Amino acid sequence: MRILVVEDDVDLNRQLVTALTDAGYVADKAFDGEEGHFLGDTEPYDAIVLDIGLPVMDGVSVLEKWRRSGKKTPVLILTARDRWSDKVAGFDAGADDYVTKPFHMEEVLARVRALLRRSAGHATSELTCGPVALDTANAKVTVNGNAIKLTSLEFRLLSYLMHHNGKVVSRTELVEHLYDQDFDRDSNTVEVFVGRLRKKLGVDVLQTIRGMGYCMSEQGNAG
Ligand code: CA
């Protein structure tokens, strides 16, 4: 899953990006409203963390612009402690949730997890597909109850597919959601990672749909 962080405080931006990366996401960053708006408008993020007090274009205007152009990406806004009106303006502009500064990073991560799973239609933090279970709360993966170790890229791949359980995900879509903006993306490498992931899972849940992409499905007969 790929997240955009729009925050002009350089330290806070870095802390957010680091925490999100450590939690198994890939994160892009922007430091003003214009840059943030552009990235959110042109790149397919799974969720966006958006500060309200931003230079060049404020967060509420950024959000309004995204929503007016039809962007449905879940957005978590960061508001200043004594600015309750920012929350109201933020929600009215199309925010999905908020965190008040100063915050505990764990709370931001929990709210991002909730936004991601809700927007993918999941009510609980554990995603399952047959014998495979992914606990989004602690980024642990088990097969038939046994923990398996994945690299960060394999985890991102599995997490994206499990959030979109039962749907066919194209290679291009995977590339767009597994790598950050600076990465030299090559959709051929996705196939290699899918092969490795399949081997590690050791169960028949990750199907290749010829000419279309990949699909997590319990029945090992989809392709
Ligand atoms: Ca700010």
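This is a predicted model: local features need pLDDT of at least 70, side-chain atom pairs count only at pLDDT 80 or more; totals for chains, interfaces and linings use all residues.

Residues are numbered from 1 along each chain as its sequence is written, and side-chain values use heavy atoms, with hydrogens and water left out.

I then looked up the pairing (at least two DSSP bridges between two strands; strands are DSSP runs of E, at least two residues, and helices runs of H or I, at least four, numbered from the N terminus). β1 (residues 2-6) pairs with β3 (residues 47-51) in the parallel sense over four bridges, and with β2 (residues 26-30), also parallel, over five bridges. From β1 the chain passes through helix α1 (residues 10-22) to β2 in a right-handed β-α-β crossover, meaning a clockwise path from the first strand over the helix to the second when the strands point away from the viewer.

Is β1 covered on one face or both? I found both faces covered, with Arg-2, Leu-4 and Val-6 on one side and Ile-3 and Val-5 on the other, all buried (under 20% relative accessible area, 1.4 Å probe, protein chains only).

Last, I checked the whole sheet, which is open, has five strands in the order β2-β1-β3-β4-β5, and pairs in parallel. Its edge strands are β2 and β5 (97-100), each pairing on one side only.

Definitions and conventions:
Buried means under 20% relative accessible area, exposed over 50%, partly exposed in between (1.4 Å probe, protein chains only).
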